[in-house]
Amino acid sequence: MTVVTRFAPSPTGFLHIGGARTALFNWLYARHNGGKFLLRIEDTDRERSTDEAIQAILDGMKWMGLDWDGDPVYQFSRRDRHVEVANQLLADGNAYYCYASKEELAEMREKAREEGRPPGYDGRWRDRDPSEVPEGVSPVVRFKSPNEGSTVIQDAVQGNVTIANAQLDDLILLRADGTPTYMLSVIVDDHDMGVTDIIRGDDHLTNAARQLQLYHALGWDAPRMAHIPLIHGPDGAKLSKRHGALGIEAYRDMGYLPEAMRNYLLRLGWSHGNDEIISTEQAIEWFNLENIGKSAARFDFDKLENLNGHYIREGDNAYLASLVRPVLAQKTGENVTDEQISLIEKAMNGLKERAKSVISLAESSLFLIAKRPLALDSKAEKLLDADAAAILSRVADALEGLSGWEKEMLEATVRECAESEGLKLGKIAQPLRAALTGTTVSPGIFDVLEVLGRDEAIGRIRDAAKSEPTT
RNA sequence: GUCCCCUUCGUCUAGUGGUUAGGACGCCAGAUUUUCAUUCUGGAAACAGGGGUUCGACUCCCCUAGGGGAUGCCA
């Protein structure tokens, strides 16, 4: 049977990191097995679902590079089908109308707690005579779940998990207003969509038992299940919207690459021996359910950043330049020209070696597109004293005499200057760097010299030396 | 309260009865170097506790502790 997985977020907020990992695992599993990966938007909570959230989820998925098969399924649009199944359950005697009020429910919960019993609805309308139905109360439809025995979840990650049926109360299938609840909708949709494997957070583990009972009552085969552990924040607490969980777009804005996110998230909870750097292609080849860990993991920015640095260093120069472009535009408040981008692309080898994020890549590119005279930071300014100015002036003279402008000859020339001045290369390189970049940190100085080009480079050196050509 | 799950360096993890308990991030030291990074070398750092089972337990069982999840007319 072809594998069919799905990612089923509810659009009540953005796509957070845990959801992104769940989506990734489902995607990898489907791709690994040559199956389908479906997307279903669980928007049955009309109060809290928003179009903005749907858009954020779609955008987040696209950014992560997780493409789904077919069109997204909007759960709310399938409500008639859900009601139909509820009616079938009713007709088969597997469901019933319940007229209990919210107050009664609250009482039941409190009482159960006091008596140390499993909490929940006590089933008072399970077998009640229709003549007792109160006036003017619209009932909910409840599932008549088994009271005896137990339900075993054969989970691909958690192993066999047994839950006593007495622990599970009669859940609501249809609300008083006639709309289906999540518990009903998921199983109907998973069944109708032909989902074979459900991979989701283990906060759904108890739900799984309830859903299994429903599958059983309906005479349907249940999909295979894999409940993956949740991701915690750096402090070990639950990573939730309330606790500083960020939407996936926040990571994009912080300058993380999607390939780094994929690698990091994959490794958070899944392993393949000692492998750390795992490309997406490799991940598709290797991914399985067996190697998913059972314990919750903490999110660690340091490791993400390290991976991000790796993928930036490995990244294609034109690709990186294109990512830098909007950041630069935002930082300078000006439009970035194609010429400037090609300049940055040319300098990319030196730039990307030093970057940990697209943001820092953009920041270190700034000097390339700066206008003369350069603004100097305080350290650069300190470096450019009178002595330095005099030396730079002579360096400018020497460079001006050059017939070409290739890195090798630039380096040879500067080294000669150092030798004739009786100075170590560093004594010239640092002032030169300050003059050319306005800072004390940059790619190799000869690369900078070459990329900047003759006129711009000499101009910047003269600016710093406050000198005119001597000839 | 009730039920379920988890527990190897600070963090992510490998390990499936016999290992000097391995790797990665981070940290520390050193090498390379025109700055910063990269790269390379080395170092400190862990089996939650207690009982069993066994010739032998990180690996199997039980208990305790700690952590997490569920307990909605949310998903």
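The structure is a predicted model, in which local features need pLDDT of at least 70, side-chain atom pairs count only at pLDDT 80 or more, and totals for chains, interfaces and linings use all residues. Residues are numbered from 1 along each chain as its sequence is written, chains are lettered from A and ligands numbered from 1 in the order in which they are written, and side-chain values use heavy atoms, with hydrogens and water left out.

A friendly place to begin is with the sheets. Strands of a sheet pair through backbone hydrogen bonds, either parallel or antiparallel. Here strands (E, at least two residues) and helices (H or I, at least four residues) are DSSP runs, numbered from the N terminus, and two strands are said to pair if DSSP finds at least two bridges between them. One open sheet is formed by three strands in the order S1-S2-S3, and its pairing is parallel. Strand S1 (4-7) and strand S3 (73-74) are found at the edges; each has a single partner strand, so one side of each is left without a neighbour in the sheet. Between S1 and strand S2 (residues 36-41), which run parallel, there are four bridges. Phe-7 has Leu-39 in S2 as its bridge partner.

In sequence, Leu-39 and Leu-58 are 19 residues apart, while their C-alpha atoms are 9.4 Å apart in space.

Another open sheet of three strands has the order S4-S5-S8, this time with antiparallel pairing. Strand S4 (95-98) and strand S8 (172-174) are its edge strands, each pairing on one side only. On average, neighbouring strands of this sheet are turned by 45° against each other, direction ignored; the axes behind such angles are lines fitted to C-alpha atoms, for helices over the stretch in contact, and angles run from 0 to 180 degrees between N-to-C directions. S5 and S8 run antiparallel and are joined by two bridges, with Arg-142 standing opposite Ile-172 in S8.

Gly-201 stands opposite Ile-228 in S10. Strand S10 (residues 224-228) is largely enclosed by the rest of the structure, because four of its five residues are buried.

The open spaces come next. On a 1 Å grid over the protein atoms alone, a cavity is a set of points where a 1.4 Å probe fits but cannot get out, and a pocket is an open set with protein on both sides within 12 Å along at least five of seven lines; lining residues have an atom within 4 Å of a point. Grid points are joined across faces, edges and corners, and a volume is the space filled by probe spheres set on the points.

The second largest pocket holds about 420 Å³ of space. It is lined by 20 residues, of which Lys-102, Leu-105, Val-140, Arg-142 and Ile-172 are the closest to its centre. Helix H4 (102-114) and strand S5 (140-143) are the elements that give two or more residues to this lining, and H4 supplies the largest share, four residues. By class, 12 residues of the lining are nonpolar (Ala, Val, Leu, Ile, Met, Phe, Trp, Tyr, Cys and Pro), five are charged (Asp, Glu, Lys and Arg) and three are polar (the others, Gly among them).

The structure holds one cavity of 30 Å³ or more. About 50 Å³ of space lies in the largest cavity, whose lining residues include Leu-24, Glu-259, Arg-262 and Thr-280. Helix H1 (17-32), helix H8 (258-267) and helix H9 (280-286) each give two or more residues to this lining. The largest share, four residues, belongs to H8.

Finally, UniProt, in an unreviewed entry, lists residues 320-464 as "domain: Aminoacyl-tRNA synthetase class I anticodon-binding"; UniProt positions are given in the numbering used here, feature names are shortened, and annotations may be inferred rather than shown by experiment. Residues 320-464 are 74% helix and 0% strand, with end C-alpha atoms 31 Å apart. Lys-382 sits in helix H14 (residues 378-383) and, at 73% relative accessibility, counts as exposed.

Definitions and conventions. Buried < 20%, exposed > 50% of the residue type's maximum accessible area, 1.4 Å probe, protein only.
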